[in-house]
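Open the structure in your viewer and keep the sequence panel beside it. Each stop below says what to select and what is there.

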Amino acid sequence: MDKGENTPHTGESADDSGIAGDQSETDDTDDADETDADLDDPASSDSSPPSDRSTSQTGSAQSGPADSGLDSGSESDSLTDVSADIDDVSTDVDNVSTNIDVGSGGRDRSSTDVDFDGVVLDDDDENQGLFDDLLSGEPIFENKEVLRPSYTPHELPHRNDQINRMATILVSALRGETPSNILIYGKTGTGKTASAKFVSQELESTSQKYDVPCEVEYINCEVTDTQYRVLAQLANTFIKKNQTVIADRLDRCRQLRSDAVDDPSALADTEFATLDDLDARIDELETDAEEMEEVPMTGWPTDRVYSTFFEAVDYHERVVVIMLDEIDKLVEKSGDDTLYNLSRMNSELDRSRISIMGISNDLKFTDFLDPRVKSSLGEEEIVFPPYDANQLRDILQHRADISFKQDALTDDVIPLCAAFAAQEHGDARRALDLLRTAGELAERSQAEIVAEKHVRQAQDKIELDRVVEVVRTLPTQSKIVLFAVILLEKNGVHNINTGEVFNIYKRLCEEIDADVLTQRRVTDLISELDMLGIVNAVVVSKGRYGRTKEMGLSVPVEETEAVLLSDSRLGDIENAQPFVQARFDN
């Protein structure tokens, strides 16, 4: 398309409809009014014969580029003709596209071949948007969400024993009885939460099937980690459910009252003997609805939050299973008061019953519980062992059949993912993350299938992401110590000892005006970095000179340094590097 194809010539301007018209000062208001009337009145547009319209179009096309097909003396007539052309474009589109030039603006804007400026788009136009190239490839995933930890599958391979045991304990809830409390143990990625959620979904669906009031409430104690927050979240959940129940009962009572006014026999076979009894019940429900006050997330005394939760859960008959995921985090931060209160509630409740299902990665967290809480909470214990490589392969295959398109994986992808995850304590979550990341990397590179190289790239990426997250969340002093190790290693020092790290550490602290810790404390920080796998430190004997720690980095230097320098407190620490260089050059 020529650069000046849509540009009006001197003395012309393009109006909003895309028509380059002559904006002569001789145009008056009357002409504009006539034009508006012609455009608004379809009858006037169609009053001229088709042959006249065709002639008008041809004249417009032949008038030359100087006036774009419109002169000042006939602007209103030309606009009327163009309006008629637009109205008839569905039947005369070929004629319009042939006879009207680009500047006339008479092209059909609803056509898929025309952009908003009335210019024909070329199918081979290279001016594509940011995401066009990314969308051009065929997707590999059918449903990526299946590979995320939040997904609860309909089938959990190699966990039938644990699932059946949970079901046999919770089945008493369907009989209106109080189930035993359950504690579930197991390392990360062993299927604890997924299995518990699966059983809970089955429990709730079965309770609806048999019309038994049974509910399961899930709380992640890593997020909701104080007694106040746990009780407030539970109270607000049941308050909202009670409000729904009250609204439903009010609707039925009001409908019954309306029917009873017309026909008093409508109260037969109901709990209400008279209209006064029914009115009293309506007033009671309206009062209950007004008193259902939600708990704020801060500000109330804990005992008031507890009593509000107690009243909300006991509003009507039901069996409630409270699932506390990462229960050890709650005990670690808030003690065992929450568990004590929840486990003792059943002795005070009149209409409802409560059971607790705790899920923990820490097999020893009950050692810190009050003996009374421990005895009531750990009535039933279920242990989830780690998966082996073959079990992980079955899990991955089961998910891959749903999440990927057919034949999107080479034969070695799933075994390799399973082998990598089996090395890390049989973590199924890690295996699923690895498979999903490999698929994403393949899709980004517009590969047609996921291959072994994508799994190895995913392994490196996940490992790097883990390192970045660990380094990013280190305390400031640990970051300075780590940066000292990085500077020494970048300047060619091998088998770095504690004294060398401490000397550079002091320089760095002076550079950013930070407190200088003792050498003994710096040694402790190095041990913590060693436990996190960021450095590899070993104790070396120097004979009569004593012992020292020698260390080296276990993580990529450049990426780790970039994460450290992204900290606002350490932003200027890079200026200390010349001092380190001078020290070794001399």
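**Stop 1: Asp 336**

Select Asp 336: leaving aside residues up to four places away in sequence, it touches Phe 368, Leu 369, Asp 370 and Val 373, where contact means heavy atoms within 4.5 Å. Asp 336 sits in the loop between α12 (327-334) and α13 (337-344). Helices (H or I, at least four residues) and strands (E, at least two) are DSSP runs, numbered from the N terminus. With a relative accessibility of 15%, Asp 336 counts as buried. Buried means under 20% relative accessible area, exposed over 50%, and partly exposed in between (1.4 Å probe, protein chains only).

The model is a predicted one, in which local features need pLDDT of at least 70 and side-chain atom pairs count only at pLDDT 80 or more, while totals for chains, interfaces and linings use all residues. Residues are numbered from 1 along each chain as its sequence is written, and side-chain values use heavy atoms, with hydrogens and water left out.

**Stop 2: the whole chain**

Zoom out to show the whole protein. Its secondary structure comes to 23 helices and 10 strands. Of its 586 residues, 41% count as buried. Among contacts with a separation of 6 or more, 71% are between residues 24 or more positions apart.

**Stop 3: Arg 229**

Next, select Arg 229, which is found in helix α9 (residues 227-262). Which residues does Arg 229 touch, not counting residues up to four places away in sequence? They are Val 223, Thr 224 and Met 297. Arg 229 and Met 297 are 68 residues apart in sequence, but their C-alpha atoms are 6.5 Å apart in space. Arg 229 has a relative accessible area of 38% and is partly exposed.

**Stop 4: salt bridges**

Side chains of opposite charge can pair when their charged atoms come close. A salt bridge here is a side-chain nitrogen of Lys or Arg within 4 Å of a carboxyl oxygen of Asp or Glu. How many salt bridges does a search of the whole structure find? The search finds 23.

Select Glu 293 and Arg 304, a salt bridge in which the closest N and O atoms are 3.7 Å apart. Glu 293 lies in the loop between α10 (275-291) and α11 (302-313) and Arg 304 in helix α11, so the pair ties together parts that are 11 residues apart in sequence. Glu 293 is partly exposed, at 44% relative accessibility, and Arg 304 is partly exposed at 36%.

Move on to Lys 479 and Asp 567, whose salt bridge has its closest N and O atoms 2.8 Å apart. This pair links distant parts of the chain, 88 residues apart: Lys 479 is in helix α19 (residues 476-490), and Asp 567 is in the loop between α22 (557-565) and α23 (577-585). Are these residues buried or exposed? Lys 479 counts as buried at 6% relative accessibility, and Asp 567 is buried with a relative accessible area of 16%.

**Stop 5: a network that includes Glu 440 and Arg 444**

Select Lys 144, Asp 433, Arg 436, Glu 440 and Arg 444, which are linked in a network of salt bridges. Within it, the side chains of Glu 440 and Arg 444 meet at 3.7 Å, N to O. Both belong to helix α17 (residues 428-444), and being four residues apart they are separated by about one helical turn. Glu 440 is buried at 12% relative accessibility, whereas Arg 444 is exposed at 53%.

**Stop 6**

Show α17 with helix α18 (residues 452-472): their axes come within 8 Å and cross at roughly 115 degrees. That makes α17 roughly perpendicular to α18. Axes are lines fitted to C-alpha atoms, for helices over the stretch in contact, and angles run from 0 to 180 degrees between N-to-C directions; angles of 65 to 115 count as roughly perpendicular, under 35 as roughly parallel, over 145 as roughly antiparallel and the rest as oblique.

Finish with helix α20 (residues 498-512) and helix α21 (residues 519-531), whose axes come within 10 Å and cross at roughly 110 degrees. α20 is thus roughly perpendicular to α21. The contact is made by Thr 498, Gly 499, Val 501, Phe 502 and Tyr 505 of α20, together with Gln 519, Val 522, Thr 523 and Ile 526 of α21.
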